[in-house]
Amino acid sequence: MTRRLYYEDAYQCAFSARVTGVGADEHGTWLTLDQSVFYPTSGGQPHDTGTLAYDGGTARVTDVLVEDGDVRHYTEGNVPVGTVVHGTIDWPRRFDHMQQHLGEHLLAGAIARKVQGYTIGLHIGEADATIDVTLPGGAVSLDTDMWLEIEEDVNRTITADLPVKCWFPEKAELAHLPLRKDPTVTEHVRVVAAGDVEMVACGGTHPNTTGQVGMVKVLYTEAARGKMRVRFVCGMRALRAFQAAHTASQEAGRLLSAPLNDLPQAIASMKDKLSACQNDLTRLRRDTALTALLAQRDGIAVAPGYPRVLAHTVDNADMDMLSALAGELVTQPDVIALLAGNAGDHPVFVFARSAQLPQDMNALLKRVGVRGGGKPDFARGSVLSSGDIQRVLAEAKQAIKPTESEEIT
Ligand SMILES: [Zn+2]
């Protein structure tokens with residue numbers, strides 16, 4: 001069993017110890033010590049990193065896990081059992097984790113008080129942290145006003161700079177403590193209390209006053225398996241998040257020539273204008289294409305009784321535009337329209353014919369290798385490669401073309 005010095009003092013970042021065991025597993029080579037300040041990954045808090053210096057070298061600790069009560073320090077190189085080491089953890093990394101961890105307790109406590117949310121699953125990541133909250137009635141979100149209220153509550157607790165106490169209570173004492181939720185372990189239950197506003201069982205490391213959390217800011221929430229996943233930042237991470245958001249919004253304001261507070265309105269107005277422009281452009285393209293296609297259609301001369309076959313690629317046309325164009329072209333009684341559009345990643349086709357004609361457009365579409373379907377007088381589909389457009393149109397036209405002698409050229 002490794003003596004966990006971080007339980008006794010979360011601020012101790014250097015120590016001496018003796019190597020009690022060495023080994024290797026799927027994570028790498030490890031060594032255990034008789035005591036350590038290195039925090040092993042657990043309870044959502046990532047492990048510490050740092051160094052172990054000894055007579056003859058220094059080993060970098062890159063991962064820390066707990067196994068059967070022993071803390072395994074993963075290092076490169078071998079340090080023999082019995083060696084005395086002087087360990088040092090990377091303090092900025094640890095303190096950042098302490099800030100996120102206590103910030104999470106304060107946030108979860110406020111969520112419990114304000115909306116009776118039950119929090120599980122802390123995960124402290126590289127840039128932010130998440131918790132999963134079960135809300136009454138299966139809700140998976142809260143409105144903006146409630147989030148502002150919760151954030152204000154949490155940050156008032158931080159500003160009050162309340163003392164934070166961690167201890168292992170006896171069972172009798174534990175039974176009477178007003179914990180926010182039941183402990184997940186039954187033995188060696190450790191309790192962390194922030195003033196009189198928050199108390200919960202936890203084996204992590206925390207600052208010894210709430211003020212050191214600095215700030216807690218919720219970034220956003222999302223639904224996750226019936227729960228509300230809350231993404232948040234504490235301490236310097238909150239400052240960095242604010243800096244990034246402020247820089248981005250200032251740049252957006254400059255681009256839109258709008259003060260920060262007016263940005264949402266400026267963007268909404270720009271979207272409306274853009275949408276109107278897109279509608280105008282679509283209409284214009286369709287009208288231009290239709291004028292050209294009608295002129296082509298009316299210029300085709302074939303023997304009486306044979307259809308006029310119009311095969312054409314319409315630039316920037318999507319399926320909707322092709323369908324509208326084809327519908328116009330086949331209003332005359334002897335027309336077959338074979339249209340291709342190249343607006344998207346995959347070329348699209350519409351094959352249509354006048355109602356009186358016998359040709360089956362659905363069968364024709366399949367015959368020339370277009371994936372799709374429809375009715376005998378109107379079918380549509382797509383192919384994978386834009387290189388197939390000319391082939392499809394040529395084959396389709398060939399399939400319904402009258403013989404040379406019948407076509408008037
Ligand atoms: Zn904790």
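Reader: Which side chain does the side chain of Asp-153 make a polar contact with?
Author: The partner is the side chain of Arg-113, at 2.7 Å. A polar contact here is a pair of N or O atoms within 3.5 Å; within protein, one must be able to donate a hydrogen and the other to accept it, and residues adjacent in sequence count only if both atoms are side-chain atoms.

Reader: What kind of model is this, and how are residues numbered?
Author: This is a predicted model, where local features need pLDDT of at least 70 and side-chain atom pairs count only at pLDDT 80 or more, while totals for chains, interfaces and linings use all residues. Residues are numbered from 1 along each chain as its sequence is written, and side-chain values use heavy atoms, with hydrogens and water left out.

Reader: Back to Asp-153. Where is it found, and what is it in contact with?
Author: Asp-153 is in helix α3, residues 144–159. Helices (H or I, at least four residues) and strands (E, at least two) are DSSP runs, numbered from the N terminus. Leaving aside neighbours within four places in sequence, Asp-153 is in contact (heavy atoms within 4.5 Å) with Ala-110, Arg-113 and Lys-114.

Reader: How many salt bridges does the structure hold?
Author: There are 21. A salt bridge means a side-chain nitrogen of Lys or Arg within 4 Å of a carboxyl oxygen of Asp or Glu. In general, side chains of opposite charge can pair when their charged atoms come close.

Reader: Start with Arg-254. What does it form a salt bridge with?
Author: Glu-251, with the closest N and O atoms 2.8 Å apart. Both residues are in helix α5 (residues 236–256), three residues apart, so about one helical turn separates them.

Reader: Is Arg-254 buried or exposed?
Author: Arg-254 is exposed, at 55% relative accessibility, whereas Glu-251 is partly exposed at 38%. The cut-offs are under 20% relative accessible area for buried and over 50% for exposed, with partly exposed in between (1.4 Å probe, protein chains only).

Reader: And Arg-391, what is its partner?
Author: Arg-391 forms a salt bridge with Glu-395, and the closest N and O atoms are 3.1 Å apart. These two sit four residues apart in helix α9 (residues 389–400), again about one helical turn. Arg-391 is partly exposed at 32%, and Glu-395 is partly exposed at 37%.

Reader: Is Arg-308 buried or exposed?
Author: Arg-308 is buried, at 9% relative accessibility. Asp-298 is partly exposed, at 47%.

Reader: Switching to aromatics. How many pairs?
Author: Seven aromatic pairs. One of them is Tyr-6 with Tyr-39: the ring centres are 5.0 Å apart and the planes are at 70°, so this pair is edge-to-face. Rings of Phe, Tyr and Trp (its six-membered ring) pair if their centres lie within 6.5 Å; planes under 30 degrees apart count as stacked, over 60 as edge-to-face and the rest as tilted.

Reader: Where in the chain are Tyr-6 and Tyr-39?
Author: Tyr-6 is in helix α1 (residues 5–8) and Tyr-39 is in the loop between β4 (35–36) and β5 (50–54), so far as sequence goes 33 residues apart. Both are buried. Together with Tyr-7 and Phe-168, Tyr-6 and Tyr-39 form one aromatic cluster.

Reader: Which ring does the charged end of Lys-165 sit over?
Author: The ring of Trp-167, 4.2 Å from its centre. Lys-181 lies over the face of Tyr-118, at 5.5 Å from the ring centre. The criterion is NZ of Lys or CZ of Arg within 6 Å of the ring centre and within 35 degrees of the ring normal.

Reader: Last one, Arg-380. Where is it found?
Author: Arg-380 is in strand β20, residues 378–382, and is partly exposed at 35%. A polar contact of 3.0 Å joins its side chain to that of Ser-323.
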